[in-house]
Amino acid sequence: MRPILSALMVVGLALSVSAGTISLVADTNQPDPNEEVTVYVHTDTPLFCMGLGVYIVGDSNITTAMMEADCNQYGWDNGWNSDSYIDPNGYVYLGGVKWAGDANGTIGYFKFRFNHWQTRVYIDQENSCAFGWDANYVPLSTDVLLFGEPDPNEPNEPNEPNINPPPNHWVQAYLGRE
């Protein structure tokens with residue numbers, strides 16, 4: 001029953017993704033302790049390029065993310081800064097270029113191991129950008145994905161991770177917008 005419920009939730013979340021934005025969609029929002037969660041990056045806007053930073057804040061560990069070896073399965077051309085940057089303190093940065101300007105649908109992923117207490121996942125608005133096939137900026141979702149229950153021994157709002165995100169300037173510099 002749980003796999004069916006999870007599948008229905010993923011479909012429901014995918015259908016509720018805002019049109020024209022880049023959003024995050026998880027394969028589950030009720031993981032068991034030590035379960036690996038996959039978060040997909042989704043858009044219905046055809047993209048030319050993307051540099052997307054994501055915070056994973058809480059009791060979890062990033063295990064993997066889209067790399068050059070599998071970026072073509074998510075609509076991107078190989079060889080264009082497609083290897084992800086993973087900071088073990090809770091940050092992942094995904095990038096891609098599609099010369100045909102038609103990367104859309106599920107355009108990336110990352111995975112993290114949910115340990116026990118609450119984990120929040122959201123797009124780094126300051127260090128992320130994406131441009132459509134027409135070189136116009138594509139908006140980023142501000143939604144926060146929540147997994148698990150808060151630790152009763154911690155303050156209500158955890159501190160942001162101590163991370164120095166990598167610059168996304170390669171995308172903006174390429175388009176002459178830096």
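Guide: What follows is a walk through the model, one term at a time.

Guide: This is a predicted model, in which local features need pLDDT of at least 70 and side-chain atom pairs count only at pLDDT 80 or more, while totals for chains, interfaces and linings use all residues. Residues are numbered from 1 along each chain as its sequence is written, and side-chain values use heavy atoms, with hydrogens and water left out.

Visitor: What makes up the pattern of the protein chain, read along the sequence?

Guide: There are two helices and seven strands in the protein chain, in the order α-β-β-β-β-β-β-β-α. Helices (H or I, at least four residues) and strands (E, at least two) are DSSP runs, numbered from the N terminus.

Visitor: Why does Gly132 count as buried?

Guide: Buried means under 20% relative accessible area, exposed over 50%, and partly exposed in between (1.4 Å probe, protein chains only). Gly132 has 1% relative accessibility, so it counts as buried. This glycine is found in strand β6, residues 129–132. Across the 178 residues of the protein chain, 46% count as buried.

Visitor: Why is Gly20 called partly exposed?

Guide: Its relative accessible area is 24%, so Gly20 is partly exposed. Gly20 is found in the loop between α1 (2–16) and β1.

Visitor: What does Gly20 touch, not counting residues up to four places away in sequence?

Guide: Gly20 touches Asp44, Thr45, Val138 and Pro139. Contact here means heavy atoms within 4.5 Å. Gly132, counted in this way, touches Pro46, Leu47, Phe48 and Val138.

Visitor: What makes a group of residues a nonpolar core?

Guide: A nonpolar core is a set of buried Ala, Val, Leu, Ile, Met, Phe, Trp, Tyr and Cys residues joined through side-chain atoms within 4.5 Å. The largest one here has 32 residues, and Leu24, Met50 and Phe110 touch the most other members. At least two residues of this core come from each of β1 (23–26), β2 (35–65), β4 (91–97), β5 (103–123) and β7 (145–147). The strand that gives the most is β2, with 10 residues. In soluble globular proteins, nonpolar side chains tend to be buried together.

Visitor: Which residues is Phe110 in contact with, leaving aside its neighbours within four places in sequence?

Guide: Among them are Leu24, Val37, Val54, Ile56, Leu94 and Val121.

Visitor: Why is the pair of Phe112 and Phe147 called edge-to-face?

Guide: Rings of Phe, Tyr and Trp (its six-membered ring) pair if their centres lie within 6.5 Å; planes under 30 degrees apart count as stacked, over 60 as edge-to-face and the rest as tilted. For Phe112 and Phe147 the centres are 5.3 Å apart and the planes stand at 75 degrees, so the pair is edge-to-face. Phe112 lies in strand β5 and Phe147 in strand β7, so the pair ties together parts that are 35 residues apart in sequence. Both Phe112 and Phe147 are buried.

Visitor: Why does the pair of Phe131 and Tyr137 count as edge-to-face?

Guide: The ring centres of Phe131 and Tyr137 are 6.1 Å apart and their planes are at 75 degrees, so this pair is edge-to-face. Phe131, at 4% relative accessibility, counts as buried, whereas Tyr137, at 43%, counts as partly exposed. The structure holds six aromatic pairs, and Tyr55, Tyr91 and Tyr122 form one aromatic cluster.

Visitor: How do you know that the side chains of Asp77 and Lys98 meet in a salt bridge?

Guide: A salt bridge is a side-chain nitrogen of Lys or Arg within 4 Å of a carboxyl oxygen of Asp or Glu. Asp77 and Lys98 are 3.5 Å apart, N to O, and meet in a salt bridge. The structure holds one salt bridge. Asp77 lies in the loop between β2 and β3 and Lys98 in the loop between β4 and β5, so the pair ties together parts that are 21 residues apart in sequence.
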